[in-house]
Amino acid sequence: MNTETFWGRVKSLIKAHKLSQAEFANHISINPPTFMGWIYHDRMPDIETALYMAAALGVSLEYLIFGADGKATETRMQQTEERKNAALRIQKLNDEIGKEIQYL
């Protein structure tokens with residue numbers, strides 16, 4: 001997990017909400033020096049706090065961590081499944097062609 005990316009997203013979203021880091025920390029009931037220390041030392045909060053931060057910023061935790069939302073991940077998973085199915089169809093066709101060649 002790339003914590004720099006996590007905090008980069010958090011800081012951008014805080015700025016987009018027109019809040020300071022201290023204001024945001026207070027909003028989510030975290031001591032501002034503790035919150036800013038996490039950022040400065042590049043330390044991840046516990047999962048419960050990260051979920052609460054994501055909700056307060058109006059994004060998914062997946063977005064904060066990976067930079068993707070659930071739909072993007074779902075789309076990638078669907079594309080992967082489609083590629084697997086296509087590869088299986090190609091393998092089946094290859095096998096059938098191989099059998100036909102043997103009969104020639």
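## Isoleucine 39 and helix 3

Isoleucine 39 lies in helix 3; helices here are DSSP runs of H or I with at least four residues, strands are E runs of at least two, and both are numbered from the N terminus. The model is predicted: local features need pLDDT of at least 70, side-chain atom pairs count only at pLDDT 80 or more, and totals for chains, interfaces and linings use all residues. Residues are numbered from 1 along each chain as its sequence is written, and side-chain values use heavy atoms, with hydrogens and water left out.

Isoleucine 39 counts as buried because its relative accessibility is 13%. Buried means under 20% relative accessible area, exposed over 50%, and partly exposed in between, with a 1.4 Å probe and protein chains only. Beyond its neighbours within four places in sequence, isoleucine 39 contacts Trp7, Lys11 and Gln21; contact means heavy atoms within 4.5 Å. Helix 3 buries Pro32, Phe35, Gly37, Trp38 and Ile39. Just after helix 3, aspartate 42 has a positive phi of about 55°.

## The nonpolar core

The largest nonpolar core has 19 residues, and Phe6, Trp7, Val10, Phe35 and Met53 touch the most other members. Such a core is a set of buried Ala, Val, Leu, Ile, Met, Phe, Trp, Tyr and Cys residues joined through side-chain atoms within 4.5 Å. Two or more residues come from each of helix 1 (3–16), helix 2 (21–27), helix 3 (32–40), helix 4 (47–57) and helix 5 (61–66). Helix 1 gives the largest share, five residues.

Phenylalanine 6 is buried, at 1% relative accessibility.

## Aromatic pairs

The structure holds four aromatic pairs. Rings of Phe, Tyr and Trp (its six-membered ring) pair if their centres lie within 6.5 Å; planes under 30 degrees apart are stacked, over 60 edge-to-face, the rest tilted. Phenylalanine 6 and tryptophan 7 pair edge-to-face, 4.9 Å centre to centre, with 90° between the planes. The tryptophan 7 and phenylalanine 35 rings are also edge-to-face, with centres 5.7 Å apart and planes at 85°. Ring pairs join Phe6, Trp7, Phe24, Phe35 and Trp38 into a cluster.

## The whole chain

The chain has six helices and zero strands. Of its 104 residues, 26% are buried. Among contacts between residues at least 6 apart in sequence, 54% join residues at least 24 apart.
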